[in-house]
Amino acid sequence: MKKVEDYIRSIPDFPEKGIIFRDITTVLQDAEGFRLAIDELKKLIDGVEFDVVVGAESRGFIFGAPLAYALGKPFVLVRKKGKLPRETIEQDYELEYGRATVEMHTDAITPGQRAVVVDDLIATGGTIKASIDLVERLGGEVVKVVFLMELAGLNGREKLSGYDVASVVTYPGA
C-alpha cells in the first residue's frame with residue numbers, strides 16, 4: 001500500500017542549487033494520492049473537537065476545503081492582502097526576503113469558535129503563525145494545526161510553540 005510520501009516528487013536543485021523541492025502536484029494529479037492525503041490529514045485531527053477549518057492561500061485551500069467538506073465543517077479563507085471583498089483584519093509577517101500581509105473577513109470566526117488550521121507545508125512557520133493570529137484576534141481558539149509536509153530543518157515549529165502541531169510527512173532537512 002502506498003504512503004503519501006510515495007506521491008510527493010522530490011526535485012533536486014530547484015529553485016536553486018542545493019535545494020530539494022517537494023512537489024505536491026504529483027499528489028493532486030493522482031486521485032488515489034489526493035484521497036490518501038485528505039484521509040491522512042483527517043487522521044491527524046481524529047478526536048479533536050472543533051467548529052471550523054481555516055486554510056491559508058493558496059495550497060491551504062487545496063487541502064483545507066476538502067477536509068472541511070469531508071468532516072461537515074465550514075471553511076474559512078486566509079488570503080493575501082487585498083483579495084477579500086468585505087471588511088477584513090490583517091496580519092503582517094516576515095518572509096525570508098521581506099514582509100507579507102494576510103487577511104481574513106472580520107465575520108469569518110466568531111468568539112469561542114475552535115479552529116483547525118491547515119496548510120500543505122510548514123517551513124519557517126510565518127504564514128501559518130499569521131493565520132493563527134487572525135483566528136485569535138477574532139476570538140477563536142486554535143485547537144490543532146496540521147500540514148501535509150514538514151521541512152523540519154527550517155524550524156517552523158518553533159514559531160508555533162504552544163500549539164498542537166502535526167504533519168503527515170516530515171523531511172529532516174530544509
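This is a predicted model: local features need pLDDT of at least 70, side-chain atom pairs count only at pLDDT 80 or more; totals for chains, interfaces and linings use all residues.
This protein has five helices and nine strands. Helices here are DSSP runs of H or I with at least four residues, strands are runs of E with at least two, and both are numbered from the N terminus. Residues are numbered from 1 along each chain as its sequence is written, and side-chain values use heavy atoms, without hydrogens or water.

Now the order. Along the sequence we read α-β-β-α-α-β-α-β-β-β-β-α-β-β. The radius of gyration, taken over C-alpha atoms, is 16 Å. The globule rule, 2.2 Å times the number of residues to the power 0.38, also gives 16 Å for 174 residues, so the protein is as compact as a globular protein of that length. The C-alpha trace spans about 40 × 35 × 30 Å along its principal axes.

Next, the inside. Of the 174 residues, 44% count as buried, meaning under 20% relative accessible area with a 1.4 Å probe, protein chains only.

Let's zoom in on helix α3. What does α3 reach from its first C-alpha to its last? The answer is 20 Å, for 14 residues, 31–44. That is close to the 20 Å expected at 1.5 Å a residue, where the expected span is 1.5 Å times one less than the number of residues.

Which residues of α3 are buried? They are Gly33, Leu36, Ala37, Ile38 and Leu41. These pack against α1 (4–7), α2 (25–28), α4 (59–71), β8 (141–151) and β9 (165–171), with contact meaning heavy atoms within 4.5 Å.

Definitions and conventions: Buried means under 20% relative accessible area, exposed over 50%, partly exposed in between (1.4 Å probe, protein chains only).
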